[in-house]
Amino acid sequence: MATHATEIYGHFQISAPAVSQHLKVLLEANVVTMEKQTKQRIYRLNSMAISEVEEWTRRYRLMWSRKFEKLDM
């Protein structure tokens, strides 16, 4: 799903420049992609990057669950 930067700004109670900085970080981390269309910037989530984060989170959740289970013994 593609979203214009101005649509993204409307979802947050912080300034547009602050949202822009966050988008820049997400872009550098390859979590989102950006395409310029005329004067607008279109952002899309990078589903591969999101999948990698989900897998990383799953592994660490499993690891910590096992550690906490050992503490309960």
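**The sheet and its helix**

Guide: Three strands make an open sheet, ordered β1-β3-β2, with antiparallel pairing. Strands (E, at least two residues) and helices (H or I, at least four) are DSSP runs, numbered from the N terminus. Two strands pair if DSSP finds at least two bridges between them.

Visitor: Which are the edge strands?
Guide: β1 (2-4) and β2, each pairing on one side only. From one strand to the next, the twist averages 30°. Angles run from 0 to 180 degrees between N-to-C directions, with axes as lines fitted to C-alpha atoms, for helices over the stretch in contact.

Visitor: What packs on the sheet?
Guide: α2 does, touching β2 and β3. Its direction makes about 115° with that of β2. Contact means heavy atoms within 4.5 Å.

Visitor: Where do these numbers come from?
Guide: This is a predicted model; local features need pLDDT of at least 70, side-chain atom pairs count only at pLDDT 80 or more, and totals for chains, interfaces and linings use all residues. Residues are numbered from 1 along each chain as its sequence is written, and side-chain values use heavy atoms, leaving out hydrogens and water.

Visitor: How many bridges join β2 to β3?
Guide: Six, between residues 32-37 and residues 40-45. Valine 32 has leucine 45 as its bridge partner. For methionine 34, the partner is tyrosine 43.

Visitor: And the hairpin, which residue takes a positive phi there?
Guide: Threonine 38, near 50°. Two residues lie between the strands.

Visitor: What follows α2?
Guide: Asparagine 30, with a positive phi near 65°.
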